[in-house]
Amino acid sequence: MAERHLLELSGVDKSFGGLAVLSDLDLHVDEGEIVSVIGPNGAGKTTLFNVITGVYGPDEGEILLDGESIVGLEPHQVTNRGVARTFQTLRLFLNMTVRENVMAVQYGETKATVFESMFRLPRARREEREIRRRAEEKLSFFGQRLVGYRWDQPAYSLSYANRRRLEIARAMATEPRILLLDEPAAGMNPSETHEIAELIGKLREEGKYTILVIEHDMHVVEGISDRVVALDHGVKIAEGSFDDVATDPRVVEAYLGLRRAETK
Amino acid sequence: MADELTPQVPPDQPRIGVDEWVASVEGRRERYRGPVGWARRAWDTAPPAVRLLAFLVPAAIFPLVTTEGNLFRYGLITLVYALLGLGLNVTVGFAGLLDLGYIAFFGFGAYTYGFVASTHTGRHWQAEFAILLAIAVAALVGLIVGFPSRRLVGDYLAIVTLFFGQAFVVFVNNANRIDFPFIGHTDLTGGANGLDNIDPLNVFGWVVNTTKEYYWFTLGAFTLVMILLYFVSESRTGRAWKALREDPLAAEVMSMPVNRLKLMAFVFGAAIAGFAGAIYGSVQTGAFPGDFDVGLLITIYAIVILGGAGSLAGVIVGALIVNGVPELLRDPNQAEWVFYTTLVLLVLVKVRPWQKLVAVVGGTLALGFALVAIANAWFPRWTAGQPGEGKLAHWVSHWMLLPSHPTQIANWAYALTIALILVLTLLRGWARTIVMIPTIYVAAFAWENLLLEQTAGATRFLLLGALLVVLMNARPQGLFGTARVEIV
């Protein structure tokens, strides 16, 4: 029997009204790996995440999580199986507090019915304590960044960098087996970018997460990736170590254009 | 590296780029100073039980110090509205679903109760069963309406539910002559005449009869529902509702079954409306089609939005204002107090800095006294009118022109008031301050000579509308609402 990958996509196609965004894409991520997806804007990277998490169904192909198909499941079911993501465009629950943001997403982890909550029955109370403890644990993962009085502040009062961190904390709180990070360093200054790169390493070492990350910043990609996958127009054009992919002529072409075209 | 230096307590002067700075630059952080700020912080930090007592104690004292009529008008009806507001707060405030058919569930509750407990139909169920049935029927109808609608968002949901609400009115108007197979001609709702002679509540042998007893019963019901809702709002379900209100896609991707949660919020709201309907039906011993129309829907929406969507305490305050103010305004003497209190508060709160405030107050007073003095000396007809009843009206008559035949001139003053307010919105700085003086005076003139006589009619709603406009301008998120931020 072939080696079983934690996440495996085979032959995934997705098009929007005749525009092929992903075509015949094969991709796998193994337990404990950090895989980076790179590619120019419009290469289909975010669509890839949307297809994995069930926001869109693939037109064709198979997506396996630990050997089981997750095609056709609702997004919340996919999350409950152990896939969590962050959003490139930050989609926090802005009018809820920082702690509530991380508590809310544990919905799938808990079972108390609304009637149990209403009358504060034992299971609801026990789960509530657990939710709170876990939320604080996840927020504490970010050291001094998201602690103390900030827990009770609304999410809209956070700075941009802290919003990105809260997005990650929120994804962590769903207790995923694989984390999908969509441009975690977008819009950050160089020192914050550096910090995010360290954080991703720490997520693997201490959090034991498997990570699939979309990133544009090549320093980050170089620093964290076990493996790099390059996409262009929905097609995988290269895969391998950072050095291999970065020097691959097709990747260079995708990013910079053909030399011939340039000189004309 | 600015972020690395972030201190662990909010500093007075936030450093550029850190959280506090981000929040304050765009004015998104609410900061209150003075007594208002103190009260708000005290309220925010008070434990829930203390907040509940802050409502319960005055509510329990009220029936002991007031008359039967006032208890009904200010107490009981406010409570029924507040109970309705709690239900709408679940669908609209927590889950953010624009449900415009909400009042129909209220109607289902009232009619179901009447159907099983009234002389009209000849059935006399115990109220504990009848109320449970009313809740169950309303919840079931909510489920039936909500199931196909749960995928709808925003405007579409509003259209479907509005249609449902209107269909309900048509249905109860005509459901007195439905031909069922096997059963034959059946009268479900009494048609246009409604269901009359509905039984008083009879709960475990306690027959609720007087206004006072109804007040206690409704207060108990309201408190119970509020406590349960508070527990729900602080649970996984409540947080999930709020999350899907903020961002349905993020909520769905973050493990929350959005469609099921929406349906749940819809049914929850409907069940509470059904409960309120059963109480309302027995309070007025009847259920009539006209009671469940759009007017009431708008009233309840006003309560929830004014109080702050998503806030339980806000519902109480909203109901007190929306139901209490028009009732207060029925009596000209009380209306006089409401008008001048609102006017003075408005000027005190809105006119800054103090130099302008002094100018406005002094100018308005001086203008009035000068005009009265001039009129007394040369145009006696302008002060020949009768002042109203009461102390305040007497004081005001020294300051306000009261012509002997005011109708025509007061109509003009009314139109002039509106024109002046429009001009006022176009002006800035001292020009605005100066124009404010005649505006206030002319408005008060129109009030004294025209509107005061009609307080029982149109004026009170006019004034309530003005009050709502002012309040919603001052706090768009509602009195107890948290700031709503849509974009960043």
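Helix H9 of chain B (residues 236-246) is largely enclosed by the rest of the structure, because 11 of its 11 residues are buried, buried meaning under 20% relative accessible area, exposed over 50% and partly exposed in between (1.4 Å probe, protein chains only). Among these buried residues are Arg236(B), Trp241(B) and Glu246(B). Helices (H or I, at least four residues) and strands (E, at least two) are DSSP runs, numbered from the N terminus. The model is predicted: local features need pLDDT of at least 70 and side-chain atom pairs pLDDT 80 or more, whereas totals for chains, interfaces and linings use all residues. Residues are numbered from 1 along each chain as its sequence is written, chains are lettered from A and ligands numbered from 1 in the order in which they are written, and side-chain values use heavy atoms, without hydrogens and water.

Over all chains, 29 salt bridges were counted, each a side-chain nitrogen of Lys or Arg within 4 Å of a carboxyl oxygen of Asp or Glu. Asp226(A) and Arg204(A) form one such bridge at 2.5 Å, N to O. Asp226(A) lies in the loop between helix H8 (218-224) and strand E9 (227-232), and Arg204(A) in helix H7 (residues 190-205), so the pair ties together parts of chain A that are 22 residues apart in sequence. Asp226(A) is partly exposed at 37%, as is Arg204(A) at 21%.

A network of salt bridges links Glu109(A), Glu130(A), Arg133(A), Arg134(A), Glu137(A), Lys138(A) and Glu175(A). Within chain A, the side chains of Lys138(A) and Glu137(A) meet at 3.6 Å, N to O; Lys138(A) is buried at 6% relative accessible area, whereas Glu137(A) is partly exposed at 40%.
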